[in-house]
Amino acid sequence: MENIEKNVILLLNGKDTEEPQDFCDFTLEDQNEAAISKGLAPSAPPDFVPILKQSVCYVVMAVIINEKNEILMMQEAKSSCAGQWYLPAGRVEPNESIMDAFKREVLEETGLTAEPSTLLMVESAAGSWYRFVLAGNVTGGSIKQPSQADSESLQAKWVQNLADLTLRAGDILSIVEHARSFKIQLDTHQAFHPSLLPTPRSYTKLFLRLIICARRKTNNKVHVLVSEKTAAHLPVCEIHPGRSLHAILKKFMTEMFGADLPSHRPHGVLALGHNCQPRPKITDGLCLTLLVSVRLPLEEVGLIDKYSWFQVNLEVAGNLLSRMGRFRTVPLNVVR
């Protein structure tokens, strides 16, 4: 158990752990076996491998706000939406990191160089499409003019009011609102989550790691759930490529707590592990760490065998509790 608190602290700081990937507690093979036991057909190949442009899609989106509270926008060149406006965004390419994709898309579509500063939001559809929304800062370049139009974009400009533009899609309105609120938090020195950028670690699969917290009724001490299926570690499951993260979370929680699930709340993302590796070594997986709190006292929560509660020290407990408020984790938006 000696590494549990160390790993919780790493994840609270947006870093990844160094646990072996075979610590997964609920693989696709396990999920298929659970389905078969209920008379259902397996719905995912147990040897699923995430490969960009084949079996998974990662998208980056840049929300860059200047000192005038203006948003960096680009005008689409694609025939399907030519002339409409959107945030700089695009797919992560094979052999490319999320941060490198951010820099490339901003440069190609706006003419500006930029550095990502933090994740603002993670969005997912099924278990195989992810959009990573990042804030960033301009470091150079010159904004693209209409005379520089190409296949990437027609032009770019700083915009105060998005209502003045014809948008490609309205999905960015809530994203921009969140980004502006987050910036206010920063500018006024209010509480917010630490800068969170992907930790460069390669994963061969899609993983969801959980930090599940509960308090003991007798002394109010904070505990985290620990798997003891191998060496003691925080619970990890493989993400089903065809199911929403909400459904995956529910199935994994049921695996740990049984059918009578305790009332619980997913707060948001604490860490993201991802790294690219040159072909032919295929490692397009990732690991999302999600903070979850159980509302019932742990004495009233049943656990399946091989899971137990571990009491963390007061400092770690305080950090965990402080991360359960607004802006204290990166929002996870499950589209479907």
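This is a predicted model: local features need pLDDT of at least 70, side-chain atom pairs count only at pLDDT 80 or more; totals for chains, interfaces and linings use all residues.
Helices and strands here are DSSP runs, at least four residues long for a helix and at least two for a strand, and they are numbered from the N terminus.

Asn-69 lies in the loop that links strand S1 (57-63) to S2. Further along, Asn-95 has its place in the loop between strand S4 (89-91) and H3. Why do their backbone angles deserve a look? Most residues other than glycine have a negative phi. Asn-69, although not a glycine, has a positive phi of about 70°. Asn-95 also has a positive value, near 70°, and is a residue other than glycine. The table puts the two side by side.

| Residue | Phi | Relative accessible area | Class |
|---|---|---|---|
| Asn-69 | about 70° | 30% | partly exposed |
| Asn-95 | near 70° | 39% | partly exposed |

UniProt, in an unreviewed entry, lists residues 55-190 as "domain: Nudix hydrolase".

Now for a sheet you can trace by eye. Three strands form an open sheet in the order S3-S2-S7, and their pairing is antiparallel. Strand S3 (85-86) and strand S7 (155-159) are the edge strands, since each pairs on one side only. Strand S2 (residues 71-75) is joined to S3 by two bridges, and these strands run antiparallel. To find your bearings, look for Gln-75, which stands opposite Trp-85 in S3. Helix H3 (residues 98-110) packs on the sheet, where it touches S2 and S7. The direction of H3 makes about 65° with that of S2.

**Helix H6 and its two sides**

Which residues of helix H6 (residues 314-322) are buried? They are Val-316, Ala-317 and Leu-320. These residues cover an arc of only 100° around the axis, so they sit on the same side of H6.

What do the buried residues of H6 pack against? Their partners are helix H1 (2-12), strand S8 (206-215), strand S9 (222-227) and strand S12 (286-294). At the start of H6, a side-chain oxygen of Asn-313 comes to within 3.0 Å of the backbone nitrogen of Glu-315.

Definitions and conventions. Residues are numbered from 1 along each chain as its sequence is written. Side-chain values use heavy atoms; hydrogens and water are left out. Buried means under 20% relative accessible area, exposed over 50%, partly exposed in between (1.4 Å probe, protein chains only). The arc is that of the directions from the helix axis to the C-beta atoms. Contact means heavy atoms within 4.5 Å. A polar contact is a pair of N or O atoms within 3.5 Å; within protein, one must be able to donate a hydrogen and the other to accept it, and residues adjacent in sequence count only if both atoms are side-chain atoms. Two strands pair if DSSP finds at least two bridges between them. Axes are lines fitted to C-alpha atoms, for helices over the stretch in contact, and angles run from 0 to 180 degrees between N-to-C directions. UniProt positions are given in the numbering used here, feature names are shortened, and annotations may be inferred rather than shown by experiment.
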